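Trainee: Please take one part of this model and go through it closely. I would then like to see how the rest is arranged around it.

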Amino acid sequence: MSGDQTPILQLLNVESSYGPIKAIRGVSLQVNAGEIVTVLGSNGAGKSTILKTISGIIEPRKGSVLHQGQDITGQDPAAIVQRGVSHVPEGREVFPLLSVHDNLLMGAYTRQDRDGVARDMAQVYAYFPILQERSGQHAGLLSGGQQQMLALSRALMAEPDMILLDEPSLGLSPKLTLEIFEIVVRINRERGTTILLVEQNAHMALNAADRGYVLENGRIVMEDSCERLREKDDIREFYLGMKDDSVRTERRWKKKKTWR
Amino acid sequence: MSNLWNLQDLQGNTEIIVAGDTIPAMFWQAAAQRADQVWLRQKELGIWRSWTWQDCANTVQDLGHGLMSLGVQAHDRCAILANTSREWVLSDLAILCCGAVSNGIYPTDAASQVQYLCQDSDSVVLFVENDEQLDKALAVRDQLPRLRHIVVFDMTGLQQLHDPMVMGWEALVERGRAWGQEQPGTLRARSDACQAQDLAILVYTSGTTGKPKGAMHSHAGLVYAVRGFNTLARQDARDDRMCFLPLCHIVERIGGEYHALYTGAVLNFVENPETIPENVREIAPTVFVAVPRVWEKFYSSVMIALKESSPLQQMTYAWGIGVGQRIAERVLAQQAVSWVLKCQFTLARWLVLNNVRKLIGIHRARMLISGAAPISPSLIKWYLSLGVPMLEAWGMTETCGASTAMTAARIKPGSIGPAAGFNEVRLDPITNEILVRGPNVFMGYLNLPDKTAEALDADGWLHTGDVGEVDADGYFRITDRMKDIIITAGGKNITPSEFENELKFSPYITDAVLIGDQRPYLTAIIMIDQDNVEKFAQDHDVPFSNYASLTQSQAVLDLIQSVVDQANAQFARVEQVKKFWLLDTQLSAEDEELTPTMKLKRQLVQKKYAPHIEAMYRS
């Protein structure tokens, strides 16, 4: 992860909006090959918008998105998938009336190498044995956690070099969240897949990722390695919920965020 | 509707409106005179509420009785740690009406500073705003053996707290009401016993060097000062004031609270320091006293809005402000304004200038008063071009507010005006230091006879530490703080504030500190305006992530360089800034580098960022 390599993904001053509402206001970030990078932020901070802008679902008003040094701003989402960037959307979005198996094949839709697809299918089943057990069933019948596994697997089926992962912990039990995160880290370590992870569960994300950005009101206010982020006062208080108790046992008021 | 060319109604008023030679006497007298008029307005759950003089008198009476029931004696000290609010003002008056001494503490102060101020002032009762401020007090109360009671304005979240030392503000009012019914009139007797020469308030100076010093003001000094203020700029019960600066600072305390107490102007409180821009527009004050930082902020918000407007709007603005400028120039040169220009100005106001005024919230303002720090003359001229008279006043904590003030009859931007009629102002013949003498000058610093002797000489002249000059019309001009003067290695005396103010006029720069004492050339540490520079970066596709990366980006450095170059153009070669460094942390009022009024502390900044300064002098 040396600095002189071209980063796999770079955002330069990206501004995106929903109609008149600016969701992200000048975001610049970069992801190096092989890293897990996380973007933390509260509801409405603009985390998902960043991912949607990268995968081409939203065209930014300003700024550019570079994939391996090439400008992919506003390209067709399908073209971006073919470049090797897969998006796992928030809330899973599996095809409920297709079988698990067919859902996975949908992920491989753009690929021609049947052998490769079969190999990946086997590997996905190895990551998540439950998917193999239920491969013939409609995806809509899976539990939330299994759907999340399926969505992640479907993204893997496109043989991406980079996965955009949007809130994998959404609606999952702590135990399942842990499992999913373990697999995410495993995918990264075993396959070398770069991962850009958007999360509200700061605790999990900071443990899994190498580097992190903190997004507030559509702007990045902090960036650092996760080790160092975990030690920052503001992160501890506002994202990890660890506040030093005051002289009284209970503290209700919030400190001012300083982001340093 | 007044215009720059007819400012007759800004004359002062020399009659005494409310009798009384102490603040309590003045308050009871004013409340009796104005019983049903509204005095205070504040939002409760987002809706404006009003309190009449009678309401205020009742609350002060109950609070005062409450304090007496807690054993507060005449001359005891009580402190207030809160943001500006109705409760602050009423608590302050209740303390004074008990014959006690009131001492304000900045809400941004850390627990250790609260401890120092309470200890130094020997406070027995501490009023705090809410649970956040209460926690500071509780953290240090072990070191404050004299502190007996803590009164909390807002008890939200503290219902479960059972502490014999802590009580709610409402509870104190109730307690005082019951106590007062048993022994009516005790508070009034205490107020009547209060002497004009008694110590009334302690105002701690923000202390850019060393520990804060408590300036002592007597009732006589306060009463004399507010009566004096009204001879400079008259206000009355029809005026709306906005109360928003910290009340522990002399400007809002005397120029806001006590001046309104004397004149009957309505005090409207802002919700909190962050909502000032919205609150100005809601309140639309008719007399608006603020510090340069506020005026700079308003100006830059207009500049930003202008950049986002259409070319037609920009053209209209350029024309309108141009007409305003021509009028301002003629008025400043004391020339008559032709009727053609007046007609044009009416059109300009109708087309654009009235909207600019509304955007800021000064559309009803009869006058704007700037004080507490030097302001750029260009900024004053901009407000004059809008057609609103802006008058600069100069004074300090030790002079109980203004000692010199610009007169509406003759405005000279860049000068601080002639000496106010109620005190003497002169220059020291040798050092050119400005000296002030008069009943408004303070009694001395609490517990610091040496410092008092340094400040007040045997003839009663206060040595202000400001160096200045005076012109043929008697108008003073500050050249600098005495201790801030820079002598470069080349032996050239430089007064840093002139250059710094020129920089601060840029919307991209919030504050700057010039460096160069015994150095070959001048350098500057600059604090950027985050909002405006971020906006610049976005508009020009400059990538940045956090604040530090913003200050290191080449485009931002170039931008600030261009501002510095522009300022340099107005100064001689040796007075020019050769290099600068942008502060890379985002500072807030809680940080040690800033005074509570958000000015960079010169000495501290120079020490703390010494490595960066050294780097600017390495080739």
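**A kinked helix and its surroundings**

Mentor: The buried residues of α13(B) are covered by, among others, α10 (276–283), α11 (292–307) and α12 (311–332) of chain B. Helices here are DSSP runs of H or I of at least four residues, and strands are runs of E of at least two, numbered from the N terminus. This is a predicted model, in which local features need pLDDT of at least 70 and side-chain atom pairs count only at pLDDT 80 or more, while totals for chains, interfaces and linings use all residues. Residues are numbered from 1 along each chain as its sequence is written, and chains are lettered from A and ligands numbered from 1 in the order in which they are written.

Helix α13 of chain B spans residues 339–360 and has a kink of about 60 degrees centred on B:Arg349; the bend at a residue is the angle between axes fitted to the seven residues ending there and the seven starting there. B:Arg349 is also one of the buried residues of α13(B), the others being B:Phe345, B:Ala348, B:Val352, B:Leu353, B:Val356, B:Arg357 and B:Ile360. Buried means that 20 or more other C-beta atoms lie within 10 Å of the residue's own; exposed means 12 or fewer, and partly exposed is in between, with C-beta atoms placed from the backbone. An α-helix has 3.6 residues a turn, so residues three or four places apart point the same way. After α13(B) comes B:Gly361, with a positive phi near 110 degrees.

Elsewhere, the largest nonpolar core has 154 residues, of which B:Leu81, B:Leu126 and B:Leu391 touch the most other members. Such a core is a set of buried Ala, Val, Leu, Ile, Met, Phe, Trp, Tyr and Cys residues joined through C-beta atoms within 7 Å. Helix α3 (residues 86–97) of chain B gives the largest share of this core, eight residues.

Chain B meets chain A through 20 of its residues, which are in contact with 24 residues of chain A; contact means C-beta atoms, placed from the backbone, within 7 Å. On the chain B side, α5 (131–140) and α17 (530–539) each supply at least two residues, and α5(B) gives the largest share, five.

In chain A, strand β2 (residues 21–31) is largely enclosed by the rest of the structure, because nine of its 11 residues are buried. Strand β1 (residues 9–18) of chain A pairs with β2(A) in the antiparallel sense over eight bridges, where pairing requires at least two DSSP bridges.

Technical notes
Contact = placed C-beta atoms within 7 Å.
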